[in-house]
Amino acid sequence: AREKAEAEAAAAAQAEAEAAQQAEKELLASLIFCEAGNQPYEGQVAVGAVIMNRVKSGCYPNSIEEVIYQSGQFGPAATGWLNRVRSSKGYSQTALQAAVDALNGSNPIGSCLYFDQGGAGMKIGAHYFH
């Protein structure tokens, strides 16, 4: 009975971890869709890479959700658009694949922590990464 309970607890923990990973992937896909859904695929991965770079940087919060919802950082999070896309799963399959690639370490922008539509930096589509 103890072994069965331990196996059930392990399975529940595994399912919980997988659900958390899926939610993180969908959150990142939603942000990528909002910020770069009209950009080339490389630009979508690059937006995901900015988020991952921030999580790893030590200068920003250390979770994807905290980075994305940090006050003053991403317009779609502030306006509620991100939450609408997230709750309706309104992101594109391309944005979802870009999120998966970014989560798996794909990074076309090196150590860049920012992107915008003007100024300087590495240009991918309409965004400059710096």
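**Entry 1: salt bridges**

I began with K89, which forms a salt bridge with E26; the closest N and O atoms are 2.6 Å apart. I then noted that this pair links distant parts of the chain, since K89 sits in the loop between α5 (81–88) and α6, E26 lies in helix α1, and 63 residues separate them. The model I am reading is a predicted one.

I looked up how accessible each partner is. K89 has 47% relative accessibility and therefore counts as partly exposed. E26 is buried, because its relative accessible area is 14% and the cut-off for buried is under 20%.

How many salt bridges does the structure hold? I recorded four.

I turned next to R86 and E65, whose side chains meet in a salt bridge of 3.7 Å, N to O. This pair also links distant parts of the chain: R86 belongs to helix α5 and E65 to helix α3, 21 residues apart. I found R86 partly exposed, at a relative accessible area of 27%, and E65 partly exposed, at 41%.

I also examined R2 and E6, where the side chains form a salt bridge at 3.1 Å, N to O. Both residues lie in helix α1 (residues 2–36), and because they are four residues apart, about one helical turn separates them. R2 counts as exposed at 66% relative accessibility, whereas E6, at 44%, counts as partly exposed.

**Entry 2: aromatic pairs**

I noted three aromatic pairs in the structure. One of them joins Y60 and Y114 in an edge-to-face arrangement, with 6.5 Å centre to centre and 65° between the planes. Y60 is in the loop between α2 (41–57) and α3 (64–68), and Y114 is in the loop between α6 (93–103) and β1 (115–116); the pair thus links distant parts of the chain, 54 residues apart. Is Y60 buried or exposed? With 14% relative accessibility, Y60 counts as buried, while Y114, with 37%, counts as partly exposed.

I then read the pair F115 and F129, which is tilted: 5.7 Å centre to centre, 35° between the planes. F115 lies in strand β1 and F129 in strand β3 (residues 127–129), so the pair ties together parts 14 residues apart in sequence. Both F115 and F129 are buried.

**Entry 3: a residue in helix α2**

I finished with Q44, which lies in helix α2. Q44 counts as buried because its relative accessibility is 3%. Which residues are in contact with Q44, leaving aside its neighbours within four places in sequence? I listed I32, A36, G37, Q39, T94, A95 and A98.

Conventions. Residues numbered from 1 in each chain as written. Predicted model: local features only at pLDDT ≥ 70, side-chain atom pairs only at ≥ 80, totals over all residues. Heavy atoms only, no water. Phe/Tyr/Trp six-rings, centres within 6.5 Å; stacked < 30°, edge-to-face > 60°. Helix = DSSP H or I, 4+ residues; strand = E, 2+ residues; numbered from the N terminus. Buried < 20%, exposed > 50% of the residue type's maximum accessible area, 1.4 Å probe, protein only. Contact = heavy atoms within 4.5 Å.
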